[in-house]
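Please keep the sequence and the model in view while reading.

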Amino acid sequence: MIIFRYLAREVMVSMVAVSGVLLLIIMSGRFVKYLAEAAAGKLDPDVLFAIMGFRLPGFLELILPLGLFIAFLLAYGRMYMDSEMTVLSACGMSQRRLVTYSMLPAGLVAIFVAVLSLWISPAGIAKATAILDNQKQRSELEMMSPARFQTTSSGNSVTYAERLVNDHQEMQKVFMAEMGSSPKESGQASSSDSSSGLAILTAKTGEQVTDPETGQRYLKLNDGYRYSGNPGEAQYEVVKFDSYLQVLQNDEPSKNENVKADSLPTTTLLKSNSTEDIAALHWRFSLPVLVIVVTLLAVPLSKTNPRQGRYVQMIPAILLYIIYLVSLNGARGAVEDGNVSPWLSIWGVHAGALLMALLLLFWPYWRLTLKARRMKGGASHA
């Protein structure tokens, strides 16, 4: 029991450290991406930490198996380098007992990963997706920042507002430059403007309005001027308007879009016949199995000759893990395309990795057995 506690402590401490570093790297990269979108006005800065919090379980379910795999390589590799494994082996610690002791902490990690992949992670992805969809439905005014030039979602105009009041629902002292637009005007504005060239608009106020019949959204400018013409030419037109309507791009409501399989509850996936849902379901069940298989792989791969160095086995071991994980991703893609059964693809990859782990574990015993038989056969002939 003392030896088990020692081995488990070494592995778990290394796993927490490695997983923490990997999580920090991955979340930093994703946070920088969201931060860039917030700086561009596509996301509200207030929702950044909420999105990252909801995505955390999805990151953990992929990081923990790799963290555990590297932890076994580091912890057991150090023990081989310091001859601790040699002492344990001399005291009766067999390879089978070492595997048994290793499977106990791996089982706890597998259970935690199963909870993440089957329940917590899908709920978090659904929440994060809902927040992102809600951000996409924000109006042009809500995405604007005062005293800053910003491109509208249509991409053909640049808008500037000195102030935003009434909770970003009204702009004051508006400037807009648009290329090749045809306005929809009302009030005293003229409708004879050309649809090509450059148009400069100034207005006292602006707001977003929606056509009750069509649902089309417009940016309504009040009490201003429109200057239109071609750059470099003396001919231009000046129009004074009471109100001016700029068409805003309408996004389809998120409820009409197909919800990603990763955000669906596991109970929903169990009832679905869609290939994407079937692939997502088997992927969720395969992640805890991934933890067990990589543990069986890590135990023989962590064996290190003190003369070769501590990290000699790290590179081939990590390459083997990458091949394993990439193969799983490829198998999931094949299932989503409907080309193959998940039992032959996803679970076939697990079976191949498990077979390799068993070969690495028992090959030393088989080699010694074959060598002993050869020596026995040679002695009998002599």
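The chain comprises 9 helices and 7 strands, where helices (H or I, at least four residues) and strands (E, at least two) are DSSP runs numbered from the N terminus. This is a predicted model, in which local features need pLDDT of at least 70 and side-chain atom pairs count only at pLDDT 80 or more, while totals for chains, interfaces and linings use all residues. Residues are numbered from 1 along each chain as its sequence is written, and side-chain values use heavy atoms, with hydrogens and water left out.

Of the 382 residues, 40% count as buried; buried means under 20% relative accessible area, exposed over 50%, and partly exposed in between (1.4 Å probe, protein chains only). Among contacts between residues at least 6 apart in sequence, 65% join residues at least 24 apart, a contact being heavy atoms within 4.5 Å.

Helix H1 (residues 2-39) packs on helix H4 at an angle of about 20°, with the axes 11 Å apart. Axes are lines fitted to C-alpha atoms, for helices over the stretch in contact, and angles run from 0 to 180 degrees between N-to-C directions. H1 and H4 are therefore roughly parallel to each other; angles under 35 degrees count as roughly parallel, over 145 as roughly antiparallel, 65 to 115 as roughly perpendicular and the rest as oblique. H1 contributes Ile3, Phe4, Leu7, Met12, Met15 and Tyr34, which meet Leu98, Tyr101, Leu104, Pro105, Val109 and Leu132 of H4. By class, this contact of H1 with H4 has 12 nonpolar, no polar and no charged residues. Here Ala, Val, Leu, Ile, Met, Phe, Trp, Tyr, Cys and Pro count as nonpolar, Asp, Glu, Lys and Arg as charged, and the others, Gly among them, as polar.

H4 (residues 95-136) also packs against H7, at an angle of about 155° and with axes 8 Å apart. That makes H4 roughly antiparallel to H7. Their crossing is right-handed, and the contact of H4 with H7 has 18 nonpolar, 5 polar and 1 charged residues.

H7 (residues 275-301) in turn packs with H8 (residues 314-336) at about 165°, their axes lying 10 Å apart. H7 and H8 are therefore roughly antiparallel to each other, and their crossing is right-handed. Among the H7 residues in this contact are Trp283, Leu290 and Leu297, and those of H8 include Tyr321, Leu328 and Arg332. The contact of H7 with H8 divides into 15 nonpolar, 2 polar and 3 charged residues.

H8 has 23 residues and reaches 33 Å from first C-alpha to last, close to the 33 Å expected at 1.5 Å a residue, the expected span being 1.5 Å times one less than the number of residues. Its buried residues include Ala317, Leu320, Tyr324 and Val335. After H8 comes Gly338, with a positive phi near 75°.

Positive phi values also occur in residues other than glycine. Ala147, with phi near 55°, lies in the loop between helix H5 (140-143) and strand S1 (150-151) and is partly exposed, at 49% relative accessible area. Asp223, with phi near 55°, belongs to strand S6 (residues 217-229) and is partly exposed, at 31%.

Conventions
A crossing is left-handed if the near helix is turned anticlockwise from the far one by less than a right angle, and right-handed if clockwise.
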